[in-house]
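Good morning, and thank you for joining. I would like to take you through one structure this morning, and I ask that you keep it in view as I speak.

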Amino acid sequence: NGQPLHTDESYISNPCDIMVFYCVNKAIHGGQTNFVDGIQLVERMKSIAPELLDKLSTIDVCYEKAGNKRTEKIIDLSNPKQPAFNYNYYCISPNESPEVKSLNAEFLSFLETHIKGSYIEHPVQLLPGESVYWWDHYVLHGRNPFEVNKTDDRLIWKTGVTWTDDD
């Protein structure tokens, strides 16, 4: 029941900017949410996987779910100070080419091999009544496996917020 690193709403054409988790009940064991800062991830990729970074930042990938879909680069480097991400391994469009599906899987393998459990992955264990907010385009997140006795032993409410700079 763990989840690999991803962004939320990778398949939504107008996704929320900020995601919110609110903990109602904490799992008996595990269930931490892991966060990886995009800037640190790109810096790590520059040093150990520059070819993969180049592909992820130049090839468009379509993610879709429940009739919604969005096509973007997995890593958008158009703002050199703040890379943006759009990634969810499980939501890749079934209509994508084998090459793009392979790229999607290659990024998952990189994350599992070089990022999971590393110094740039930060686990957060929310307690009941606590919440966490993050910029979804700039941070990848995932979930550690967890143990429960019944369905609602680990209950996290999730919502998203769209940020506007309108005065």
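I begin with the second largest pocket, whose lining divides into three nonpolar, five polar and four charged residues. Please bear in mind throughout that this is a predicted model. The space in this second largest pocket comes to about 180 Å³. Its lining consists of Arg-70, Glu-72, Lys-73, Asp-76, Ser-78, Asn-79, Gln-82, Ala-84, Phe-85, Asn-86, His-137 and Tyr-138. Which strands supply at least two residues each of that lining? They are strand E6, residues 68-73, and strand E8, residues 84-85. E6 gives the largest share, with three residues.

I turn now to the largest pocket, which holds about 410 Å³ of space. It is lined by 21 residues, and those nearest its centre are Gln-3, His-6, Asp-8, His-141 and Lys-158. Sorted by class, this lining has eight nonpolar, seven polar and six charged residues. Four strands each contribute at least two residues to it: strand E1 (3-6), E2, strand E11 (139-143) and E13.

Two of those strands, E2 and E13, bring us to the sheet. It is an open sheet of three strands in the order E10-E2-E13, and the pairing is antiparallel. At its edges are strand E10, residues 131-135, and strand E13, residues 155-161, each of which pairs on one side only. On average, and with direction ignored, neighbouring strands here are turned by 20 degrees against each other. Strand E2, residues 18-25, is joined to E13 in the antiparallel sense over seven bridges. If you look along the sheet, you will find Cys-23 opposite Ile-156 of E13.

Finally, the helices. How do helix H1 and helix H3 pack, and at what angle? H1 covers residues 38-48 and H3 covers residues 98-115; the angle between them is about 95 degrees, and their axes lie 12 Å apart. Angles of 65 to 115 degrees count as roughly perpendicular, and H1 and H3 are therefore roughly perpendicular to each other. On the H1 side, the residues in contact are Leu-41, Arg-44, Met-45 and Ile-48. They meet Phe-107, Phe-110, Leu-111, His-114 and Ile-115 in H3. By class, this contact comprises seven nonpolar residues, one polar and one charged.

To close, I would set two of these places side by side: the contact of H1 with H3 has seven nonpolar residues, while the lining of the second largest pocket has three. Thank you; I welcome your comments.

Conventions:
Residues numbered from 1 in each chain as written. Predicted model: local features only at pLDDT ≥ 70, side-chain atom pairs only at ≥ 80, totals over all residues. Heavy atoms only, no water. Axes fitted to C-alpha atoms, helices over the stretch in contact; angles between N-to-C directions. Parallel < 35°, antiparallel > 145°, perpendicular 65-115°, else oblique. Contact = heavy atoms within 4.5 Å. Nonpolar A, V, L, I, M, F, W, Y, C, P; charged D, E, K, R; others polar. Pairing = 2+ DSSP bridges. 1 Å grid on protein atoms, 1.4 Å probe; cavity = no way out; pocket = protein on both sides within 12 Å on 5 of 7 lines; lining within 4 Å. Points joined across faces, edges and corners; volume = space filled by probe spheres on them.
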